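Please examine the sequence and the three-dimensional structure shown below.

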Amino acid sequence: QVQLVESGGGLVQPGGSLRLSCAASGGTLTAPLAMAWFRQAPGKEREFVAGIKRSLGSTTADSVRGRFTVSRDRGKNTVYLQMNALKPEDKAVYYCASTSGSPINSSLNAASTWEYWGQGTQVTVSS
């Protein structure tokens with residue numbers, strides 16, 4: 001089984017920045033894995049934030065495009081989410097997800113696409 005561990009969450013003021021990390025390990029893991037970030041705020045559904053395919057092509061949700069950037073360490077199964085210009089509405093638990101498959105672009109934003117999930121890291125944006 002693949003295990004995912006997120007880190008980097010915390011409390012920041014509006015306009016601040018955070019960089020989240022997600023490290024994948026275990027099983028017969030073969031890099032690179034397709035990986036994604038989702039987030040879930042209290043009382044809301046889990047929503048797609050950003051994803052990166054095995055081909056390294058990436059996409060971000062409209063709500064964060066221009067502020068958030070997803071990337072991967074070369075030669076490692078570690079994905080990052082650089083979050084800039086954070087807003088109070090970005091407050092949520094951020095989850096890392098992965099799959100051994102090769103999802104197409106149109107399926108990246110579906111939670112059902114992803115086999116493995118981390119436990120999440122809290123991001124709080126407040127004055």
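Two strands are said to pair if DSSP finds at least two bridges between them; strands themselves are DSSP runs (E, at least two residues), numbered from the N terminus. The model is predicted, so local features need pLDDT of at least 70 and side-chain atom pairs count only at pLDDT 80 or more, while totals for chains, interfaces and linings use all residues. Residues are numbered from 1 along each chain as its sequence is written, and side-chain values use heavy atoms, with hydrogens and water left out.

By this criterion, strand S3 (residues 18–25) is joined to S8 by six bridges, and the two run antiparallel. Within this pairing, alanine 23 stands opposite threonine 78 of S8. S7 also pairs with strand S8 (residues 78–83) in the antiparallel sense, over five bridges. Here valine 70 faces leucine 81 of S8, and arginine 72 has valine 79 as its bridge partner in that strand.

How many of the six residues of S8 are buried? Five of them are, so S8 is largely enclosed by the rest of the structure; buried means under 20% relative accessible area (1.4 Å probe, protein chains only).

A nonpolar core is a set of buried Ala, Val, Leu, Ile, Met, Phe, Trp, Tyr and Cys residues joined through side-chain atoms within 4.5 Å. The largest such core has 35 residues, of which Met35, Trp37, Leu81, Met83 and Tyr94 touch the most other members. At least two residues of this core come from each of S3, strand S4 (34–40), strand S5 (47–52), S7, S8, S9 and strand S11 (121–125). S4 gives the most, with five residues.

Aspartate 90 is buried, its relative accessible area being 0%. Its side chain makes a polar contact of 2.7 Å with that of arginine 67, a polar contact being a pair of N or O atoms within 3.5 Å, one able to donate a hydrogen and the other to accept it within protein, where residues adjacent in sequence count only if both atoms are side-chain atoms.

Notes:
Helices (H or I, at least four residues) and strands (E, at least two) are DSSP runs, numbered from the N terminus. Buried means under 20% relative accessible area, exposed over 50%, partly exposed in between (1.4 Å probe, protein chains only).
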